[in-house]
Amino acid sequence: MSVPGVPKHARVVVIGGGVIGTSVAYHLAHLGWKDTVLLERDKLTSGTTWHAAGLMVTFGSTSETSTELRKYTAKLYSSLEAETGQATGFNPVGFIEVASDKDRLEEYRRVSAFNRLCGVDVHEISPSQVKELFPIANIDDVLAGFYVKEDGRANPVDVTMALAKGAKLKGATLLEDTPALNVLVKNGAVVGVETPHGTIACDYVVNCAGMWGRQLAAKNGISLPLQAAEHYYLITEQIPGIDRNWPVLEDPGRYGYFREEGGGLMVGMFEPVCAPWKIEGIPSDFSFGEIPPDWERMTPYLERAMGRVPITQTAGIKKFFCGPESFTPDLRPLVGEVPEVKNYFAACGLNSIGILTGGGIGKLMAQWVMTGDPGYDITGMHPDRLHPYQANPEYRRTRTVESLGMVYQCHYPTKSFSTARDAKKPAFHHRLVEEGAYFKDVSGWEGADWYAGKGQKPDPGELSFGRMKWWPNWAAEHKATREGVILMDMSFMAKFRVEGRDAGRLLNQLSGNDVDGEAGRITYTQWMNERGTLEADLTVTKLDDRNYWVVASDTAHRHVLTRMKRVFGDAHAFACDVTSGYAQINVQGPRSRALMQSITTADLSNEAFPFRTAREIDIGFARVLCVRITYLGELGYELYIPSEQAVHVYDRLVQAGAAFDLKHAGLKALASCRMEKGYRDYGHDIDNTDSVLEAGLGFAVDLKKPDGFIGKDAVLRKKNEGPLKRRIVQVLVKDPQPLLFHAEPIWRNGKRVGYVRAGSYGHTLGGAVGLAMIEGGAEVVDSKFLESGTWEVEIADKKWPAVASMKPLYDPTNEKIKA
């Protein structure tokens, strides 16, 4: 039975009344969806918003999406009071990040270069300038500060109340003391929300339940891997001379940040080893709650933080606060439509940046729900990047210990998570260990990054932004790929068997290329949405008229499977995830054919087995799907082997490989070889904001196939608009010394025109190489544009001469792969 105030129907029900939920409701209402209802189980802000520190920082991210969300949020909070009459406490007192070691100095200089490209006015300042701005700071070991005058602080409760008032002024309904008991689902889609006061029929749900988000989602079989952890700050008694207009001071090297609070200082912390809280589940009645602080565990971290501002060591302590914050396995938020239930969206797991991105998250989510287009690159925050096992209690207990601490760790480009490992391994993993493999976390799989050599224990040495101890190993593996033959484990790739009489037709509907032609052939293709922007970048192999083999990257695993299931619907087409059932070994290099021919009776000659051929062959006692394709730019084969025979086939390859000087190569070599060839990687250098033409992949689109494909009309419109003014290009640094990783700005004729989305080192080309999205402005980005410009790449605090090209700088005519 319904009660007054609880409507019987709403377009959208937003669950959770913190800063994220109220922001989503605010933006939905402002964009015209007034029949939006927000449900809060207790009072607004009562979860974690009420105790947030309220830092407003645009500096610090090398994600364009995150930086844009931060900028929008600051702008929104500064204008909410004029709109609603409710103050937000937004105060742009400024923000300083200090670096006290050479690696953090390198990191912040790289970040600063990117942030300036994005419009953040960050300045590198001297230690004495840090002291002028924050007079009580100890600067003895400070190398530099990074200052943004426009950053500062806000009051999280006031911000939330302003968003709530703004939502109500535009017609949204906000209900406190009204928990969402269950989300109702029919035929795989949201149909309503059950409350103690009646059921609300609805078309969409947005789970903004914060640290309760995982538990709420689990009721519908949805996996949202997030876990609450203890989060601390200390508030001192009043300190004479403190000015509330001093900037926020942050020192990740000492695990702390400082801002004025009540005439004293707040000392906030992100300790390197944290304590998860309530693994079994957050109590439903936990409101405005605190956790008893663990003085013994936190004292060493607190002492180190206080060393940056020594007066805090002698000032009286007003409060040592501990409250829960939720964290995800990879320290990125969970934002987007979940794969398990249609029209069920999540916006939670913000990893302590909910306040400073809250406005942007609300805007993104409202756009996404209403139009299907989030308006930003969401590949790094989509819930489907993570897997259900990552919500297991033991996984959450193990990983969260590390994830909170990563907030303030130096963000080395090669660092991999070290906790919750060995979850997924190929059958021949022990063989790779014997070969001296150094493993990293690849979507939960143990992926061999590089090899120390047979019988050797891999020693990565100290992390760095420069050439690390294993550089010669990487260079040797790259050289072996280009000149000899290598074996590479790629078992982590997402693999699907697609069957049925409608399978070919529907895969062709999904695919820009024609994937339903000749049997026994692999086709490289993109999947797009109706807007003509990318949803996936993968291969489809036609085995016969009713059987197909789809292979995608590890990060696209669940996204690709969900897309197939939703497009297939009730048709006679069935996608089966066989990722764990098949190992994948890639045999690549100029001598790969000779090695492969020595262990099979199948004819692998160029005439009998040309490029793009896919056929089952014999290797020893095994039947193996052998596909002649490459992601490294050489003659090569991908072998898909039933897991129970994977060790057998691996051993046959290694035994026969001795005569061909077979080398093992890891994912470092994969990255450098594919980057020399300009091969794309969805979620890294291309994403959902790019048209297939801007991505430089028009060659993989068949605009003439009879029944078209999803997104064809948009692709045609883009093509008819004329030459592109935005395009992915390959960039090579001329000097062999500097290194590219990600987010390095690109300059043409003294103006910033884009940034490196993904980078590596071209051992064959002789310099760092990357893929960059170039914005031509009023100019067409074509060969003339590239050849007529003077190109530079900004790396940290220096610009380096570079070459830009639309054609691959390595083997542009594909002679090697078709040899």
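Before we go on, some housekeeping. This is a predicted model, in which local features need pLDDT of at least 70 and side-chain atom pairs count only at pLDDT 80 or more, while totals for chains, interfaces and linings use all residues. Residues are numbered from 1 along each chain as its sequence is written, and side-chain values use heavy atoms, with hydrogens and water left out.

Back to Met406, then. You'll find Met406 in the loop between α9 (393–403) and α10 (429–434); helices here are DSSP runs of H or I with at least four residues, strands are runs of E with at least two, and both are numbered from the N terminus. Which residues does Met406 contact, leaving aside neighbours within four places in sequence? They are Leu331, His411, Lys415 and Phe417, where contact means heavy atoms within 4.5 Å. Met406 and Phe417 sit eleven residues apart in sequence, and their C-alpha atoms are 9.1 Å apart in space.

Now for the cores. In soluble globular proteins, nonpolar side chains tend to be buried together. I'm calling a nonpolar core a set of buried Ala, Val, Leu, Ile, Met, Phe, Trp, Tyr and Cys residues joined through side-chain atoms within 4.5 Å. The largest one here has 72 residues, and the members touching the most others are Phe59, Tyr77 and Val206. Helix α8 (residues 354–371) supplies the largest share of this core, with eight residues. Apart from it lies another core of 63 residues, including Trp212 and Trp277. If you click on Val206 and skip residues up to four places away in sequence, you'll see that Val206 touches Val12, Val13, Val14, Ile15, Val24, Phe345, Ala347, Met365 and Val369.

On to the sheets. Two strands pair if DSSP finds at least two bridges between them.

For β31, the pairing with β21 (residues 486–489) is parallel, over two bridges, and His664 in β31 is the bridge partner of Leu487.

Let's look at two helix pairs. Axes are lines fitted to C-alpha atoms, for helices over the stretch in contact, and angles run from 0 to 180 degrees between N-to-C directions. The axes of α1 (residues 19–30) and α5 (residues 156–169) come within 8 Å and cross at roughly 25°. So α1 and α5 are roughly parallel to each other, since angles under 35 degrees count that way, with over 145 roughly antiparallel, 65 to 115 roughly perpendicular and the rest oblique. Among the residues making the contact are Tyr26 of α1 and Leu163 of α5.

The second pair is α12 and α13, whose axes come within 10 Å and cross at roughly 115°. Here Leu506, Leu507, Gln509 and Leu510 of α12 meet Arg563, Met564, Val567 and Phe568 of α13. Helix α12 (residues 503–510) is mostly covered, with six of its eight residues buried. Those are Ala503, Gly504, Leu506, Leu507, Asn508 and Leu510, and they pack against β22 (494–499), β23 (521–528), β24 (534–544), β25 (547–552) and α13 (557–568).

Ser443 has a positive phi of about 50° although it is not a glycine, and Ser443 lies in the loop between β19 (437–442) and β20 (445–451). Asn749, not a glycine either, has a positive phi of about 50°, and its loop is between β33 (745–748) and β34 (751–762). Is Asn749 buried, exposed or partly exposed? Asn749 is partly exposed, because its relative accessible area is 43%.

Definitions and conventions:
Buried < 20%, exposed > 50% of the residue type's maximum accessible area, 1.4 Å probe, protein only.
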